[in-house]
Structures are given as structure tokens and as C-alpha cells.
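I'll write down what I look up, in the order I look it up.

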Amino acid sequence: MKREKIIEVLKSNETGKTVLVKGWVRTKRGSKNINFIALNDGSTIHNLQIVVEVENFNDKLLRNITTGAALSVSGELTQSQGSGQNVELRAQEIELLGGADPDKYPIQPKRHTLEFLRENAHLRFRTNTFGAVFRIRHAMAFAIHKYFNEKGFYYMHTPIITASDAEGAGQMFRVSTLDPVNPPTTEEGEIDYTRDFFGKPANLTVSGQLEGELGAMALGEIYTFGPTFRAENSNTTRHLAEFWMIEPEMAFYDLTDNMDLAEDFLKSLIRYALDNCMDDLQFLANRLREEEKNKPQDQRSMELIEKLESVAGSDFVRCTYTEAIEILKRSKPYKKKKFQFPVDWGVDLQSEHERFLVEKHFKRPVILINYPKEIKAFYMKQNDDNKTVGAMDVLFPQIGEIIGGSQREEDYNKLVTRMKEMDIPVEEMWWYLDTRRFGSAPHSGFGLGFERFILFVTGMGNIRDVIPFPRTPKNAEF
RNA sequence: UCCCUAGUAGCUCAGUUGGUUAGAGCGGCGGACUGUUAAUCCGUAGGUCGUAGGUUCAAGUCCUACCUGGGGAGCCA
């Protein structure tokens, strides 16, 4: 007999037919004559109720059916007599595939804290919450490829090991095969990287953008979707040392085209989640509601599904950096000196400012554009005012910056001048600059932090709970 | 990296101004129960109080350092 997935069995109303399912026991309960097993196989958040007539099975088997055990069960699908489900499986044969010692198995049929489950990340997939999160994570990854494929973008694999630290986007992880205790040294006593694997210092990538631009300047529209590494000592609910990033890069797009794409992209993904992950979203929404019960009214966040609907349906605010500074200066918290950090044209916005704009002032996602060039990267398009660059940051409630992007500077001379001003090694970047020497054209792109986006969609509060095995300072377990 | 906070049973927590033998709920185990929904009821086992020092007649409780978790900030996606 062919095994059926529980999601299909639950959908089916063919009572009377014999089915075979396999999965893991969530709970077992019952009385002397009858037992009920909640079986889950990961195909859906819902469990299949297995009805066991105790007299038909031997004691030892039933004793070993404990929370966490893997079972193969065949039986007749019947209308449920209980009220929690429509159909249930009357067990005819049960095979214990693998037991789970109840004294040692850490996942109990009770509520666990996320912190505890994080320490048991290898088993947390077996909980409702993490099952839902990782099914949604998959759906979003799939929807990203689907979206770009339908728009004619090409998926480009940019390198994970790079030998240029030109972007200066924070600390990098060194990749080396040199003996860490006795590395070869030069006559000056410095480490001799010419004898390292790549013949020069190499690192894990902090962004695929620069290589992505090379692809876009031939293929037209590309995107990357891969792991990214930052060796920053950041201990927050929004940072990982290893995370996934989506970076589309488009030839012939100006900043407005770039914003249009970013907004449509985010809304489409959220729409996809609402259309395809409702069971899991519903569960997470309920969970969130329970959690927020104890919080005072004004600290509660918007109901999850309502929030997703609202973002998918509303137009994002578009606002220049200069306008944002003016709004902040006119704001109540500014006048009452509630902001911890100064607000002045030229300084970078702090999260308290971004949060005010998104959550209090506009109450919608905001795209901020045209930042002062001093606080943005060298490759951004220099505007005619000579003061700002064509940058865009998409700010989401609770999450903050979810997308950072820009139109890229396509003028060779302007770009080289800016690189020199910012001490970017021009010679090493010859390959990047070649796109501006040969057939240069306006182009744009942005980066979306995948886990930050998953935080938003699932309503989870900590980025470590939306990636299977989080890497953070002092933690690379599993 | 900085600030705040926590670490007591498998889990979630209580433990009074320092004072006998460290408690509860859940989970586990044993039993009861004719269909349960985090089942219910009765019983039972389970602890180097994060680690190392120190103060004291006496430390889970006070002090110091370190480790780990959580929250916030910076940096950023």
C-alpha cells in the first residue's frame, strides 16, 4: 500500500477506504479500552487522529507509543465521533518505526519557551510553531523564485568566497588554509598570503551585489538568493552571522523603477503567503494573540493576518530623506526631547526615528530615498544636487530596514572619484569598473534580508527562530 | 561591544529582612476511567540552587569574577 500524506488524508472525505500513513506522535491519550494518537508528518500543521482499540494491540507496542515516536499506521478512514476533527483513522496495523524514551525526549506535549526550543534546535521542527515557521519559510523561498522567473529575471549564483573586501560592509570571515599556529610570514614578519590557498586574503561574501551588477549588465535582469556572512559582534533579535539575502539587479532601471519593483515584490510575496499558508499563519496568529494577552493595550502589535492584508493592500509611502528629517523635527517626540539621538540633516536615521516614521507618523511601510552621500556606499548614483545619492531604504513596522538598495552610479569618472574619496582600492576593482567603461547604462538593485522578511510574515520576534540553525556570536551549535 | 536582566527538578516558576529536612504546576512513571482533544482523577520518583572564589556561627538568598540565556542600543539586511 502506498503511504499517503496526512494533509491529503485530512482533505479526503472518502470514509471507508483503507489508508497508510507515517509520522510522529504528538500526544497519546485515552482510557482502558480506547486510545487516541495525534499523528503529525510535517505535511500540515494539523494532526491525524488515530483511534486505537486497546484490545486489538499488544501492551508492549502501546506502551512504546509515546510522544515523539515514529509510527507507520494503516487502517480505515472514518467519520470522527469526536468534535475536534472531521475524519480519523481506525488503526488496523501499527508499526513502531522508532521509539522516543519519554524520560529523555525533551519535547513534551506542553508549551515550551522559544529559548528552550532554540537550545533544542535539532528537535524544534517537531513543534507546531516551528513546523509552521519553516513551512512558511519554504513557501516564501519558492515564491521568490516564482516571482522573478515570471518577470524574466535570471537566478545568478554569485561567489560565496571572495577576495575583495571592497564593499567595506562590516567585518568579514576569513577563509584560509594556512596553519593558524605557524603561518608563513614575509620578510617583514607579516602573514604571507601569497602562500595561502587563493594566493591572497579571501573571505566569505558579505553581498553578491557587485558580481550581480556584472550579470545584470548583460543578462538584463538577474537576482541572487544565497547565504551571506557578517562577522559583526551583533547581539540583537535582528542579526545573524550567517543569513540569506535576495539581491535583484536590473539594467535600465532608475530609482523609481527600483522602488516600484521592491514594493510589488514584497506585496506579491505577502499575497502568496496569505493564499498558500493560511493554516500556518492562522496558528501563528493565535499563538501571538495568546502571547500578547498579558501586554497592555498600547504595546500590542496588530493582529498578524490583518497586518499582512494591510501591507499587501496599501501603497507604500515614498519620502525623501530631507522630508523625513523635516517631519522628525516637527514631531512631538522631537519637541519633547524624547529622541535619544540627534536629528539633523546629514546624520543617519536611528531605529527610534525609523520606528516613529513607520509606526506613528505614516502607519504604513515607508520607502526613504535620496540620502546624504556621506552616509551611503560608494556605488550609489550621485544626484544633481551634489549632496545626495539615489539610495532607497524600505522600512517595515517592527522590523525596521527590510530592503536597502539604490540606483548605481554608471558614470565611470564620477564613480572612480567617489571611490578615491572613500579609500576604496580602485585597482583591485578593475573588473567592476569595466562595466562602466564598456557599455555602461543606468541600472539599479536592492537587497532583501530573507530572515527579516520571514520575521515579518510569521510575526516571530527573534531572527534566530526563523532560520533552522542560527549562527550568532558564540553560537554555532548543530 | 555597551546598558539592563535572569540562571533553583526534564520544562515553567515560587522560595520573606541570610536561619531546621528547598516547594508548586506541567511533563515522566504506576494505577483508575466506555470516545479523548494540552483529557480527567489518585499515587509516586525526581535537586552539586550556572561555575569559581569570598563574607558569615549559618548562603538558593549578600559580595566579586567568569560562563550562558533574554531584552534594549550601536552596526546593518
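Definition before anything else: I call a residue buried under 20% relative accessible area, exposed over 50% and partly exposed in between, with a 1.4 Å probe and protein chains only as cover. Ile161 has a relative accessible area of 39%, so I file Ile161 as partly exposed.

Ground rules. This is a predicted model, where local features need pLDDT of at least 70 and side-chain atom pairs count only at pLDDT 80 or more, while totals for chains, interfaces and linings use all residues. Residues are numbered from 1 along each chain as its sequence is written, chains are lettered from A and ligands numbered from 1 in the order in which they are written, and side-chain values use heavy atoms, with hydrogens and water left out.

**Overall look**

I looked up the secondary structure and got 14 helices and 16 strands for chain A. Helices here are DSSP runs of H or I with at least four residues, strands are runs of E with at least two, and both are numbered from the N terminus. The C-alpha trace of chain A spans about 85 × 60 × 45 Å along its principal axes. Of the 478 residues in chain A, 50% are buried. I get about 24,100 Å² of accessible surface for chain A, with 48% of that belonging to carbon and sulfur atoms. Those areas come from the Shrake-Rupley method with a 1.4 Å probe, and for residues only the protein chains shown count as cover.

**Domains and cores**

Chain A splits into domain 1 (6-107) and domain 2 (126-171 + 206-465); the bounds come from an automatic or database domain assignment. The domain centres, taken over C-alpha atoms, are 44 Å apart. Ten residues of domain 1 are in contact (heavy atoms within 4.5 Å) with eight residues of domain 2.

Next, the nonpolar cores: sets of buried Ala, Val, Leu, Ile, Met, Phe, Trp, Tyr and Cys residues joined through side-chain atoms within 4.5 Å. Which members of the largest core touch the most other members? Met140, Leu281, Phe396 and Phe453 do, in a core of 69 residues. Domain 1 and domain 2 each supply at least three residues to this core. A second, separate core has 31 residues, among them Val343, Ala391, Leu415 and Ile424.

Neighbours within four places in sequence aside, Leu281 is in contact with Ile136, Ala273, Leu274, Leu304, Ile305, Leu308 and Val457.

**Helix 5 and strand 10**

In helix 5 (residues 209-219), I find Gln209, Leu210, Glu211, Gly212, Glu213, Gly215 and Ala216 buried. What covers the buried residues of helix 5? The cover includes strand 7, strand 10 (221-229), strand 11 (242-251), strand 15 (400-408), helix 13 (430-437) and strand 16 (443-449). Just after helix 5, Gly220 takes a positive phi of about 95°.

Phe229 sits in strand 10 and counts as buried at 10% relative accessibility. Leaving out neighbours within four places in sequence, Phe229 is in contact with Ile160, Phe173, Leu204, Thr205, Val206, Ala241 and Glu242.

**Surface notes**

Back to Ile161, which lies in strand 7 (residues 161-162). Ile160, Ile161, Phe197 and Phe198 make a nonpolar surface patch of about 390 Å².

Phe252 has a positive phi near 70° without being a glycine. Phe252 is in the loop between strand 11 and helix 6 (255-276), and is exposed with a relative accessible area of 63%. Phe478 also turned up: a positive phi of about 70° in a non-glycine, in the segment after helix 14 (450-458).

**Salt bridges**

My rule is a side-chain nitrogen of Lys or Arg within 4 Å of a carboxyl oxygen of Asp or Glu. By that rule I count 27 salt bridges.

Arg135 and Asp280 meet in one at 3.0 Å, N to O. Arg135 lies in helix 4 (residues 128-150) and Asp280 in helix 7 (residues 278-292), so this pair ties together parts 145 residues apart in sequence. Asp280 counts as buried, at 8% relative accessibility.

Lys17 pairs with Glu14 in a salt bridge, with the closest N and O atoms 3.7 Å apart. Last entry: Asp260, Glu263, Lys267, Asp315 and Arg318 are linked in a network of salt bridges.

Methods
Patch = residues over 30% accessible without salt bridge, like charges linked within 9 Å, V, L, I, M, F, W, Y side chains within 5 Å.
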